[in-house]
Amino acid sequence: MSKQLALVIDLNVCVGCHACVTSCKEWNTSGEAGFLSDDNPYGKDPTGTFLNRVQTFEVGEYPNTETVHFPKSCLHCEDPPCVPVCPTGASYKRAEDGIVLVDYDKCIGCKYCAWACPYGVREIDEHQKVMKKCTLCVDRIYDKTLPESDRKPACVMACPTNARLFGDIHDPESVVSRAIREQGGYALMPEWGTHPANHYLPRRKTEVRLHEDELQRFDNPLKVDRKLPKPAPGEPSLDDVTTW
Amino acid sequence: MRPAWSVILLTTLLGAGQGLFLALFALEQLDAASVPPAFAAGGAGVALTLLAGGLAASFFHLGRPERAWRSAAMWRTSWLSREVIALPAFMGLLALWGAGHALGASRHWLAVTGWAAVAACVALYVCTAMIYACVKFLQEWHSPLTVVNYLVLGSASGLTLAAAYAAMAAEPLAGIFALAALAATVLGLVTRGAALARNAHLRHKSTLATAIGVKHPRIAQISQGAMGGSFNTREFFHGRSDAAVRTVRRAFLALAFLLPLALLALGFWLRVPSLYVAAFAAQFAGLLAERWYFFAEARHPQNLYYQAVA
């Protein structure tokens, strides 16, 4: 089976710091594909083109709520609905690694692919007038001039809590496949049959299991010396019958 | 979805132009002697003008119109690409058919170019409609009714236009076109009404729970990652109140169907063909509103991710 590169995002450890957003913007606005336009960056209604965004949701009803920080970028679907609708062939899915890309020199800016994406992860560049989207930092992950440990998407490099994993989900032994398999990785909007390559790891409750012998101190809980046990907790102990 | 005027004009102008040709060609097939060649050639000219206007409007939808020539490339998969091929093909065949009338070509030539133009015309209706109907998660559009409505509403407006054109250029023909326009408009009211009824009871498959993958009935967005809006908030929301959208629906039902029906019937009954011109003006304005509503009504699942700014 061919390669399918993807991100696995662990919602259990994402703290919503937006470091992946700024790192993504920094890398992708500086590349040879050109800048990612912004308007009013310091004005009243700042807006711009981003390939990755972190959103925040509140689950439940006060006081039993949980805050979910939710990074959202192109999911590099295995059956991407945005690709066949493109009239020029500018949108395509690479056979060799499954990355969905836009050829910015062929894009006519008709926005049909954005209509055909249920996740809203394609954004038109309002100044270059072409569709932009996450490239999985394709200009970085194969760059032989970088140390091998740096050949990862910029967002993955930036994440301070290691909430973003990167790898080949078709390789059963990759870090991402293992995470999906062992930590309940799931896909977004499975109802549309797009088979997103990116997966999310669910929030997990951290529970402390306490056993009685952890609450009560027992000097010799297994009674290996066959001596009589200590008095029961309610009974007088040595401290009650003597003084120091 | 945010209705784009370029696409509204494209689809309505194309529909009327195609319908006008179908009306002229149908009458010619039924009774060739009754259609003066100059009338048919002029009608082809009117239809071509409308199609050219629609084509021009479509360029305003593109970010990089200078690259529009590339858009015919993916005809194997993209209905938009197929439309890009069908439109000039139809315009070319229509021009040949119109020129045949203007230059007094043989009946054989008119039949060959005419029937080929009919095929291209129907293909163009289907391509235009399938651009919308093929997007499965835009559930308001993902229905055979979308194709039916583009076909029927385009033909109805074309027939009304044929009646209006005949009222000015060949008055004896106006009555038959008006009767056909009446029938097509009634049919359009039925099929468009069926689409409205279907969409009124639509259950959207995507919810916030499937959008972020958290199994809980109560999920509220706190922030969408940007304060000043983004492409996602501009392209996929029409930004009008529900009341405004309902007003547009009432307006298009009155303007595209009820008023033209009344004007066509009155014009036919009182033998005042000039009323057909008013009927077409009303119907075209109504179809502009209808197309606006068509876009505004569609709820894109990506909107689930853009419910609250901060």
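At roughly what angle do the axes of helix H5 and helix H10 of chain B cross, and within what distance do they come? The axes of H5(B), residues 144–169, and H10(B), residues 274–297, cross at roughly 155° and come within 7 Å. This is a predicted model, where local features need pLDDT of at least 70, side-chain atom pairs count only at pLDDT 80 or more, and totals for chains, interfaces and linings use all residues. Residues are numbered from 1 along each chain as its sequence is written, with chains lettered from A and ligands numbered from 1 in the order in which they are written.

Some terms first. Helices (H or I, at least four residues) and strands (E, at least two) are DSSP runs, numbered from the N terminus. Axes are lines fitted to C-alpha atoms, for helices over the stretch in contact, and angles run from 0 to 180 degrees between N-to-C directions.

H5(B) and H10(B) are therefore roughly antiparallel (an angle over 145 degrees). Their crossing is left-handed (the near helix is turned anticlockwise from the far one by less than a right angle). Residues are in contact if their C-beta atoms, placed from the backbone, lie within 7 Å. From H5(B), the contact residues include Leu153(B), Leu161(B) and Ala164(B). H10(B) contributes, among them, Phe280(B), Phe284(B) and Leu287(B).

Now the sheets. Strands of a sheet pair through backbone hydrogen bonds, either parallel or antiparallel. Here two strands pair if DSSP finds at least two bridges between them.

One open sheet draws on both chains: its order is E5(A)-E4(A)-E1(B), with antiparallel pairing. Its edge strands are E5(A), residues 64–73, and E1(B), residues 219–223, each pairing on one side only. Neighbouring strands are turned by 30° against each other on average, direction ignored. E4(A), residues 52–61, is joined to E1(B) over four bridges. Thr56(A) stands opposite Ser223(B). Helix H1(A), residues 19–29, lies across E4(A) and E5(A), at about 165° to E4(A).

The other open sheet has the order E10-E1-E11 in chain A, with mixed pairing. E10(A), 164–168, and E11(A), 199–201, each have a single partner strand, so one side of each lacks a neighbour in the sheet. E1(A), residues 5–10, pairs with E10(A) in the antiparallel sense over five bridges. There, Ile9(A) has Arg164(A) as its bridge partner. Helix H6(A), residues 175–182, lies across E1, E10 and E11 of chain A, at about 115° to E10(A).

Technical notes. Two residues are in contact if their C-beta atoms, placed from the backbone, lie within 7 Å. Angles under 35 degrees count as roughly parallel, over 145 as roughly antiparallel, 65 to 115 as roughly perpendicular and the rest as oblique.
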